[in-house]
Amino acid sequence: MAEAHQAVAFQFTVTPEGFDLRLSREALKHIYLSGIAAWKKRLTRLKNTFLTGVYPATPSSWLVVVMTTVGSLYCKVDLSMGLISHIRQCLPSSRYLSFQNRTLLSATLFSTGVWISGILVFRQTLKLLLSYQGWMFEPHGKMSRGTKVWAAITKVMTGHKPMLYSFQSALPKLPVPSVQATIHRYLESVRPLLDDAQFSKMEVLAQDFQNDTAPRLQKYLVLKSWWATNYVSDWWEEYIYLRGRGPLMVNSNYYAMDFLYVTPTSVQAARAGNSVHAILLYRRRLDREEISPVKVLGLVPMCSSQMERMFNTTRIPGKETDILQHLVDSKHVAVYHRGRFYKLWLYYSGRLLGPRDLELQFQRILDDPSVPQPGEEKLAALTAGDRVPWAEARARFFGSGKNKVSLEAIERAAFFVVLDEEEHCYHRDQEDCLDRYAKSLLHGRCYDRWFDKSFTLIVYKNGKLGTNAEHAWADAPIIGHLWEFVLATDTFQLGYNEGGHCCGEPNLGLAPPQRLQWDISEECRMAIDGSYRVAQVLADDVDFHCFLFTNFGKGQIKRCRTSPDAFIQIALQLAHFHDKGRFCLTYEASMTRLFREGRTETVRSCTSESTAFVRSMADPAQSRCERLRLFKLAAEKHQLMYRLAMTGAGIDRHLFCLYLVSRYLGVESPFLAQVLSEPWRLSTSQTPQQQIRMFDLEKFSDYVSAGGGFGPVADDGYGVSYMMGGENLITFHISSKFSSPETDSRRFGRQVRQALLDIAGLFDAPPNKVPN
């Protein structure tokens with residue numbers, strides 16, 4: 001094959017006259033250019049590490065300090081107050097260093113010390129400023145004078161063209177709440193879910209824990225918080241994600257959808273080409289740290305550490321625990337199409353392939369008439385089933401030979417790409433179109449997604465996009481940041497020609513993508529089939545309903561002078577009560593990225609205030625004014641809980657870490673055992689929107705994404721993801737299990753619609769009924 005010859009840099013044969021050496025100039029040229037590109041990346045990383053380490057100072061600022069100090073000496077003004085002379089005396093005498101040179105060197109050393117001291121003072125000052133969280137608890141639009149001063153100083157100190165990781169060392173550590181405060185808030189959160197006898201029993205357990213066991217556990221946790229960068233995140237990643245032995249598919253991985261109303265092109269290879277190129281542009285910006293840190297209110301920076309493992313990362317299965325394999329770089333992607341795997345190189349002559357070149361390569365894969373090798377088609381089902389069988393199969397069947405080489409090509413890829421044979425999109429006249437779209441992104445056919453990769457890009461036959469992301473390495477807002485960039489870049493920057501193809505001319509001399517080779521034994525096929533059966537049962541049990549709520553959006557909710565998130569969370573409580581006739585422990589994900597290496601915290605949305613409001617809606621004797629009063633109390637309580645979670649004063653991560661310490665010490669705690677065994681029958685999350693503003697959503701309202709979703713957390717519960725797209729649209733993704741007689745995603749969707757309308761009716765909005 002032509003591509004095989006191009007891959008050989010030189011060949012030699014032994015003849016009677018000696019060695020016959022034949023060099024390939026083209027291959028050597030590619031090797032040379034590849035080496036140059038690799039060294040450029042190393043130098044860029046080294047430069048960025050230095051610039052991040054000295055932020056907000058720059059090399060030019062160091063030069064200014066040195067020149068000022070040296071210049072003052074010539075003017076016979078000693079800014080060092082004698083320190084330069086002292087440093088000069090400490091320098092060793094040498095015939096190569098004259099008195100003037102020693103003075104110049106002493107001044108340079110003094111200036112460097114002043115420069116570094118200034119950096120350290122700035123960093124500590126910024127850390128103190130970022131440790132202030134009073135701004136979050138002030139009434140909306142009523143900022144105190146002290147907070148205004150804080151905001152002005154913070155804006156000045158964070159506004160000097162920061163790089164992605166410029167603020168990492170200045171971010172405060174996540175604080176460890178007091179045991180008393182955590183237990184008080186815990187008991188408050190479960191009060192509406194327990195009767196008097198159950199609550200009295202829980203109070204006794206909590207009090208015994210607080211008095212006897214907790215002080216010892218807390219000391220170890222405080223010690224860890226002093227030593228570690230974040231006292232939660234490493235344990236959370238290991239015990240919640242990597243030690244899970246069940247399938248990642250449905251249980252852990254989540255998905256994101258394409259534009260809702262628009263498909264820029266129906267040419268599958270072209271959409272894949274533009275999207276992959278956009279992703280690689282993002283990766284290049286990420287490597288160069290050119291992405292600006294995300295800031296709350298455009299002022300307070302959030303931690304960017306999760307973004308480090310976005311690319312070149314794979315979850316490797318183990319018998320007891322998985323590991324995250326992250327490579328510094330990867331020059332290819334792995335591609336799946338119609339049961340076959342390919343390795344597609346992303347560079348040519350040291351340069352990134354353009355969209356039109358990538359389209360050519362993807363089209364070659366689509367046009368390949370070859371059939372899957374025996375056992376190849378459903379190979380990825382190993383990543384969809386239980387982790388232990390996959391770990392055993394990986395060690396037994398993929399440790400050597402062509403299987404090892406091909407598996408490494410997938411696991412060492414920048415990310416995974418699927419050219420899907422199905423077609424999905426939103427049709428106004430097809431009620432279940434988004435349901436099918438969501439299920440396809442969540443689990444596909446159980447063998448056409450590589451669930452271990454950091455994320456999989458899915459390109460459908462009609463040009464529609466989607467992604468499925470592994471959860472251990474990062475949370476949804478991180479993928480959301482990438483996804484917004486990709487969709488905007490694809491449409492508004494790269495674009496397509498009149499025929500729907502990528503712009504530009506392809507390089508027809510590119511070697512075709514490399515088909516991965518496998519040697520799948522009968523025993524390995526049995527392992528694949530076993531994982532596939534487990535995954536298929538799980539996928540078939542997922543009851544998914546995705547719908548658009550267009551009666552109103554966050555614009556009208558804001559006019560009601562309440563938090564849109566609180567409005568929706570209270571509506572979910574009302575919907576769940578109508579659906580099941582009772583309340584349940586509710587999980588809402590909140591971020592803790594205001595702290596270094598922060599991830600998430602739980603907001604327990606089912607509060608005494610929200611349940612009081614829900615009961616008032618079911619009581620015909622209650623007046624509209626009373627219901628409105630109770631709603632406002634519930635919304636205020638929800639906002640307080642959310643703010644406490646964001647500022648490190650949550651409940652569940654603290655109790656989780658106390659439980660782990662108790663297990664390490666071999667201490668039994670009935671209270672912690674009870675807390676950690678409580679199921680989250682309503683698990684909710686808001687999908688972030690417009691983290692980066694690459695286009696005006698109000699002007700291009702059709703270019704709104706439908707958001708994303710996840711599977712149910714409890715077998716008899718609901719998983720609910722929602723996104724407020726623009727001012728007049730809310731999308732909901734509701735999941736549950738068919739096997740539970742208590743749940744029905746479509747029924748719950750109707751209850752959510754009606755709950756939103758009923759609450760809006762309290763604010764004089766017409767309470768339209770939703771048809772059954």
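Q: Which residues of helix 7 meet which residues of helix 8?
A: In this predicted model, V179, Q180, I183, Y186, L187 and V190 of helix 7 meet F199, M202, E203, A206, F209, Q210, A214 and Q218 of helix 8. Sorted by class, the residues of this contact of helix 7 with helix 8 are 10 nonpolar, 3 polar and 1 charged.

Q: At what angle do the axes of helix 7 and helix 8 cross?
A: Helix 7 spans residues 179-190 and helix 8 spans residues 196-227; their axes come within 10 Å and cross at roughly 160°. An angle over 145 degrees counts as roughly antiparallel, so helix 7 is roughly antiparallel to helix 8. The crossing of helix 7 past helix 8 is right-handed.

Q: How far apart are the axes of helix 5 and helix 6, and at what angle do they pack?
A: The axes of helix 5 (residues 99-130) and helix 6 (residues 145-158) are 10 Å apart, and the packing angle is about 135°. That angle makes helix 5 oblique to helix 6. Helix 5 passes helix 6 in a left-handed crossing.

Q: Which residues of helix 5 and helix 6 meet?
A: From helix 5 come F122, T125, L126, L129 and L130, and from helix 6 come W150, I153, T154, M157 and T158. By class, this contact of helix 5 with helix 6 has 7 nonpolar and 3 polar residues, with no charged ones.

Q: How is helix 20 placed against helix 23, and at what angle do the axes cross?
A: Helix 20 covers residues 624-646 and helix 23 covers residues 745-762; the axes come within 9 Å and cross at roughly 110°. Angles of 65 to 115 degrees count as roughly perpendicular, so helix 20 is roughly perpendicular to helix 23. The crossing of helix 20 and helix 23 is left-handed. R624, R627, L628 and F631 of helix 20 make the contact with I759, G761 and L762 of helix 23. The classes in the contact of helix 20 with helix 23 are 4 nonpolar, 1 polar and 2 charged residues.

Q: How many disulfides are there?
A: A disulfide needs a pair of cysteine sulfur atoms within 2.5 Å. By this rule the count is 0 disulfides.

Q: What is the case for the sulfur of C546?
A: The closest cysteine sulfur to that of C546 is in C433, 8.5 Å away, which is too far for a bond. C546 also counts as buried, at 2% relative accessibility.

How values were computed. Residues numbered from 1 in each chain as written. Predicted model: local features only at pLDDT ≥ 70, side-chain atom pairs only at ≥ 80, totals over all residues. Heavy atoms only, no water. Buried < 20%, exposed > 50% of the residue type's maximum accessible area, 1.4 Å probe, protein only. Axes fitted to C-alpha atoms, helices over the stretch in contact; angles between N-to-C directions. Helix = DSSP H or I, 4+ residues; strand = E, 2+ residues; numbered from the N terminus. Parallel < 35°, antiparallel > 145°, perpendicular 65-115°, else oblique. Left-handed = near helix turned anticlockwise from the far one by under 90°. Contact = heavy atoms within 4.5 Å. Nonpolar A, V, L, I, M, F, W, Y, C, P; charged D, E, K, R; others polar.
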